[in-house]
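Biologist: Could you walk me through this model? Start with its surface.

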Amino acid sequence: MSPPYPAAPPAVDAPRVSPEEATTVLHAVVARQARDAGLRVLSIKGPFLAEQGLRAPDRVPVDVDVLVAPADFDALVARLAAVGWHTEGISTSPRLYPTHSATLRHALWPVEIDLHRLFPGFLREAEVVFEELWAGRQEHSWCHQQVATPAPEAHLLLAGLHLLRQPGNLAGPGSLGELVELVEQRTDVADLRGAAVELAARVGALRTAAPLLQALGHKGPVVCEELPELALGWDRRSVSSAADGTPWLLAVAEASGRDRLMLVARAVWPEAAELRRHYPAEQHLPTYRLRLLRFANIARRLPVALREYRDVRSSR
């Protein structure tokens, strides 16, 4: 008697796409998933910066960045989870800046999707920022889908803020200096600068983007409305580069009593799940090896973290 269903075909190795191919296709995948559910998203950075002349065309993105309407964020995470994209959970480690994104991974794709509910450096409410960027969006025909991105002036601010988050990123490939050079090659540089300045004032980015705007010739004021919590996080982050060492030192210094002791214990001996979130590329290692790796990283980064901790405290 024959089986009621055909026999499974022999197993074969699934074809693998390159990271460049994956980042290209996945912008369209996320846009389609969002649109089918009535959710609003803007694809940011990556190939769209290059299309707008704001990134060198030979730079290959390493992940897929998407800015999501704050009210739609959880629904999009759930929708992507239904097709195999999962987060590693929310880190409970101290941060210099409020948690603003979720990283999604898929077993069959070689890159990550980073969903942003807000973007560091835009210091107004997340809803205000998204609505401003959504109002000026551009539509791209991309892999047979319509993909929305920020307008050039918004994307310029976003790209500049991304580069300004860490100190010292001022020259060379992928630097603020390169971004300024690309803008200055455009025929609409004055109009683009003016539009960027006006937008920055509305989204709380005049001060944070000042090095970029001033390099492009802006000579006006750089004061605008900012949320204090986001402003503090930006100021702290802009003088820190020691991974998670500086946030831990600040959190311990600002805690007291039993809370301080518990923070020290968590810093030295985090739970296994939290430890693995910090080392996504080393998931094959046993937990004890990850702890040894963490101790080695702490020893290597501690002198820099201590110096940056002093800088952050003195900048208050």
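This is a predicted model: local features need pLDDT of at least 70, side-chain atom pairs count only at pLDDT 80 or more; totals for chains, interfaces and linings use all residues.

Modeller: The accessible surface of the protein comes to about 16500 Å², and carbon and sulfur atoms hold 57% of that surface. Accessible areas are from the Shrake-Rupley method with a 1.4 Å probe, and for residues only the protein chains shown count as cover.

Biologist: How many of the residues count as buried, in percent?

Modeller: 43% of the 316 residues. Buried is under 20% relative accessible area, exposed is over 50%, and partly exposed lies in between (1.4 Å probe, protein chains only).

Biologist: And how many helices and strands?

Modeller: There are 13 helices and 7 strands. Both are DSSP runs numbered from the N terminus: helices are H or I with at least four residues, strands are E with at least two.

Biologist: Pick a helix pair. At what angle do H5 and H6 cross?

Modeller: Roughly 160°, with the axes of H5 (residues 152-164) and H6 (residues 176-184) coming within 9 Å. Axes are lines fitted to C-alpha atoms, for helices over the stretch in contact, and angles run from 0 to 180 degrees between N-to-C directions. H5 is therefore roughly antiparallel to H6; the classes are under 35 degrees for roughly parallel, over 145 for roughly antiparallel, 65 to 115 for roughly perpendicular, and oblique for the rest.

Biologist: Which residues make the contact?

Modeller: Leu156, Ala159, Gly160, Leu163 and Leu164 of H5, with Leu176, Leu179 and Val183 of H6. Contact means heavy atoms within 4.5 Å. By class there are 7 nonpolar, 1 polar and no charged residues. Ala, Val, Leu, Ile, Met, Phe, Trp, Tyr, Cys and Pro count as nonpolar, Asp, Glu, Lys and Arg as charged, and the others, Gly among them, as polar.

Biologist: What about H1 and H3, how do they cross?

Modeller: The axes of H1 (residues 19-36) and H3 (residues 73-81) come within 10 Å and cross at roughly 115°, so H1 and H3 are roughly perpendicular to each other.

Biologist: Which residues meet there?

Modeller: From H1, Val30, Gln33, Ala34 and Asp36; from H3, Leu76, Arg79 and Leu80. The contact of H1 with H3 has 4 nonpolar, 1 polar and 2 charged residues.

Technical notes: Residues are numbered from 1 along each chain as its sequence is written. Side-chain values use heavy atoms; hydrogens and water are left out.
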